[in-house]
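Open the model in your viewer and keep the selection tool at hand. The stops below go from one selection to the next.

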Amino acid sequence: MSTEPVPPESTENAGAATPDAAGEPGTADTTATAEPAEPVSDATAAPGAPADGARTGTDAGAEADADADPVDQDDSAEGPSGADGDAEGDGKAGDGEAGDGEAAAQLSEAEAELAAQKLERERIERRKAEKAEPIVSGAKLSGKAADLLAAVRAVEGGAKPPATVFDEPAPAPRRPAPEPVRRPQPMADVPSAHAAPPAADAVEEVRRVLAAGGAPEPLAPQAAVALGEGAEELLREDPWQLLRVPGVRPEQADGFARALLGPECSPDDERRGRAVTVWLLEQAALAGHTALELPALTAALGRQAVPDADAAVQGTLAEGEALAFQDALDEPGAGQPAGDPAEGGEEGEEARPVRVLVGLERYALAEESLADALARVVNSLPKESAARWEQITAAASAGPAELLRAVAGHGLVLHTGGEAARAEPAALLTAARSLGLRAVAACHTPDGRGRFAALLGEGAGDGAVVTVPGLIAGAEGPGRDADGAFALDLLVLLDAPQLDVESAAMLAESLPDGAQLVLSGDPAVLWSAGPGRVFADLLAARVCPQVASRTPDPGPIGELVSGVGIGELNQVDAPGKEIVIVPVRDAGEAVHRTVQLVADSVPRAFGISPEETVAITPGHGGAAGTRALNAALKERLNPGPGRFGGFDPGDRIAYSPAPGRTVQGRVVTADAEGLHLACAGAPVVVPRERVEQTVRHGWALTAHQAVGSRWPAAVVVLPGDAAQALSRPWVYTAFDRAERHLSVVHGVEQALPRAVAEIPAKPRTTRLPVLLRAQVPASG
């Protein structure tokens, strides 16, 4: 299995791969083409293939009428049986909310979010500086960084590590985490949502440097933005800084450096080692890691032809471009004898096993800030809190009662369950507001906000339900007090698996002392597009109560998805054709069948319009990726010349105002200002120079773009060349986007049941569980 992370090009990230230099990153866009899949046999509503490859009589009918309506054929409503598979998804595009855009004077949500993120990072940096024992990252080849590397080399060689490295001070008495330093956040001074383009003369200077190095001149605007002021001089002094431009790979930066430096360019140049180290850590972040274990990082550097990987890491740490950490591992019996008492160890004492990690400061500080904030939430709940919940808890029905009891006595609570289980946090929110508490629920997408608000009825009319981006930006919700904290007593976060470490840190840091936090979500769906696995880490750390809903999702689709969640692809009865399996031989047939289903079959059979149907496929590239599917669906549903950068009024689009976020919308018009969109009920104007980077057609999406939203009908497209991209979380997420009808365009044969049974979520390297256990005892 490839250990390469997925590049920014793909919005579907393979999850948690370790950076590798052997070749191009593994992505659904570049999946090797498989042999065309033969049509699979049909068995009622189970989208797998018979293990023996046998075909039933219904296959012949499907082959004989290639253009027949897939839904209208009785036999096609049945799918191949099989129970072998497992799947996880890709990773790089989430959901979010578009900006306001109603008037030039009015601030957009994206603008406010950028300002909030900037201020939050400033707070995190200040808090980090105030820590009693800051991490040492300077002093070339000496100090903590050198000690850590020496210790790891000693352990790998079977020797005892230096005692000074792994000695830990006696733990201090547990106390509530300190209140973060906050300051007011005036929303009137928010910078532009889209950063101002660099000056023309600066871009021209960068263009000249790129031309001198043989790099594509169109990269100049991106390089000027990525490198900032003095980009031209920086590139001349250190050509490998070109790696900071998204999409540039080490071999391309090497060619650029050779052209600029001539004979002075060499593989052992310390500038190259540092730049490649940072690039690998950035690629790891795209794959979901907040840090990399030192042996994995040095191995990846070796594959990138860095002669002295240790020196490259040391140089990066010494320059402050990355941080090193040591985390003690709680593995009984894993320790080594501490050795000779003369060397400072006591006889019979065992050294605790440790791992050494290296990470970018941005994510390291966010993860530590999140752990501190969550410890404060756990430890600062007033003792009298439980009393006010007693009467409501006693009167609650069985489902919500367990959640209400947990919230009554704890500051942090985790709640797990599927779509139907959202009724329980809805009951919690209603109860909290009836007690006079300032309570708000936040969802990952505008669609999720609307669905949750519908569960509340009239109680949602006064801002009770918001989106996470809107809450962070201050565009939605109760606002902040003079210290920058949310004016809240209870925050219920839905879609918790979609929280990356930076968003989670901003939310938790913004809670006032005594406020309570409930994280609710389905742990079986794809993880966040950004670094971290916050919800999964909290579940594993067991530092707070966990309430598992017993409310199953209803109907044949709910039964099918529940089976996928435990690694089984079961046959289910679908008397109303809620599930239809459409076998295809190749990608061309997959595109044809998808258009037929979205435009004709589903509307005619179920009364669900094409606007209420989504096509979901593993990646953007390939013969049946989102690009190919969207081109075919546009030609059928909204044909036009694409005179606005490939878009026409009425086109369905997916807009990404920030990396990892996607909001659905439509094209309204275009003018000198840019492309005018209607997204989630709000107007948005995308400047012309950003259209290509942030707007795609949206009839077909990847699973990560679709997570957090649901549609009356979903068509999941599985062409043969996408088999390697499948995993249990991917299949679970894609199938669960459908409310009333699910069609599976099936061309991967046994790869589907195998993915469901055998391929779980790829692990991500994070530090949150270790950081939490140091501050909060396990709840058992």
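Select residues 555-565, which form helix H20. The model is a predicted one. Which residues of H20 are buried? They are Pro556, Ile557, Gly558, Leu560, Val561, Gly563 and Val564. An α-helix has 3.6 residues a turn, so residues three or four places apart point the same way.

Then step past the end of the helix to Gly567, which follows H20 and has a positive phi, near 85 degrees.

Next, select residues 674-679, which make up strand S16, and pick out Gly674 within them. Is Gly674 buried or exposed? Gly674 counts as buried because its relative accessibility is 2%, below the 20% cut-off. Show its contacts, leaving aside residues up to four places away in sequence: Gly674 touches Thr669, Val685, Val686, Pro687 and Arg688.

Last, colour the chain by pLDDT. The average for the protein chain is 80, and 72% of the residues score at least 70. Select residues 1-18, where pLDDT stays under 50; the model has 94 contacts beyond four places in sequence for this stretch. Then select residues 74-107, where pLDDT also stays under 50 and the model has 195 such contacts beyond four places in sequence.

Note on methods:
Residues are numbered from 1 along each chain as its sequence is written. This is a predicted model: local features need pLDDT of at least 70, side-chain atom pairs count only at pLDDT 80 or more; totals for chains, interfaces and linings use all residues. Side-chain values use heavy atoms; hydrogens and water are left out. pLDDT is the predictor's confidence in each residue, from 0 to 100. Contact means heavy atoms within 4.5 Å. Helices (H or I, at least four residues) and strands (E, at least two) are DSSP runs, numbered from the N terminus. Buried means under 20% relative accessible area, exposed over 50%, partly exposed in between (1.4 Å probe, protein chains only).
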